[in-house]
Amino acid sequence: MLHNVYLYGGQVTSWKNAHGEELLFVSSKASFRPPRAIRGGIPICFPQLKSTGSLEQYGFARNRIWSIDPDPPPSPSDISHKAFFDLILTHSEEDMKIWPHRYEYRLRVALGPTGDLMLTSRIRNTNTDGKSFTFRFAYQTYFFVTDISEVRVEGLETLDYLDNLKNGERFTEQEDAITFESEVDKVYLSTPTKIAILDHERKRTFEFR
């Protein structure tokens, strides 16, 4: 079940399973108005990740007001949705001063027949001069877990990663699963199409595809 989506940041902040259990975390100190981004749910990072460019960290999309498309295009015939809607973010004159590109970011938020949450991002270049641009984007998802020491991530074993706590130095994952005993800030490379987060305390598994 999808419960809360804010136009500010185009951000999903609540998603519950069939038992009514909350699956996303939102900080009790979260602010839901500009200029601070909402701390929790699924923030949209665009057009920059972290400090990889000259913009504010994680880009500006999560600090903007999005709109709802009243007449979104239909889903492909091979995709089954229980319900969906499209959020739209386009360039503003103010944004053009710091990132001089015209674009349309379309975020489709959909629920599958069994309650799976599906996000689809489409970024379209609307520059009138045909000039190309580069960007990065990510879903910075906050999952609700009970005890971080009882959580493990599977599917990243043997992959190379950049450790941001060690100045981005590159390593190879040696463990069968990722566990958390202290702060972790890693970027895994060439990730597979399926990753699982196991929350042993709640006997629950999150699966990414």
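Start by selecting Pro-47, which lies in the loop between strand E3 and strand E4 (67–68); strands (E, at least two residues) are DSSP runs numbered from the N terminus. The peptide bond that joins Phe-46 and Pro-47 is cis, with omega about 0 degrees. The model is predicted: local features need pLDDT of at least 70, side-chain atom pairs count only at pLDDT 80 or more, and totals for chains, interfaces and linings use all residues. Residues are numbered from 1 along each chain as its sequence is written, and side-chain values use heavy atoms, with hydrogens and water left out.

Now select Trp-66, Tyr-103, Tyr-105, Leu-107 and Leu-117. Of the 33 residues in the largest nonpolar core, these touch the most other members. A nonpolar core is a set of buried Ala, Val, Leu, Ile, Met, Phe, Trp, Tyr and Cys residues joined through side-chain atoms within 4.5 Å; buried means under 20% relative accessible area, exposed over 50%, and partly exposed in between (1.4 Å probe, protein chains only). E6 gives the most to this core, with 5 residues. At least three core residues come from each of domain 1 (1–144) and domain 2 (146–208), with bounds from an automatic or database domain assignment.

Move to the open sheet of 4 strands, in the order E12-E9-E14-E15 with antiparallel pairing. Two strands pair if DSSP finds at least two bridges between them. Strand E12 (178–179) and strand E15 (204–208) are the edges, each pairing on one side only. E9 and E12 are joined by 2 bridges, and Arg-152 stands opposite Thr-179 in E12.

Then show E10 and strand E11 (residues 169–172), an antiparallel pair with 4 bridges. Asp-160 stands opposite Thr-172 in E11. The two strands form a hairpin with 5 residues between them. In that loop, select Asn-167: its phi is near 60 degrees, a positive value in a residue other than glycine. Asn-167 is exposed, at 81% relative accessible area.

End at Ser-190, in the loop between strand E13 (186–188) and E14. Phi of Ser-190 is positive too, near 50 degrees, and Ser-190 counts as exposed at 69% relative accessibility.
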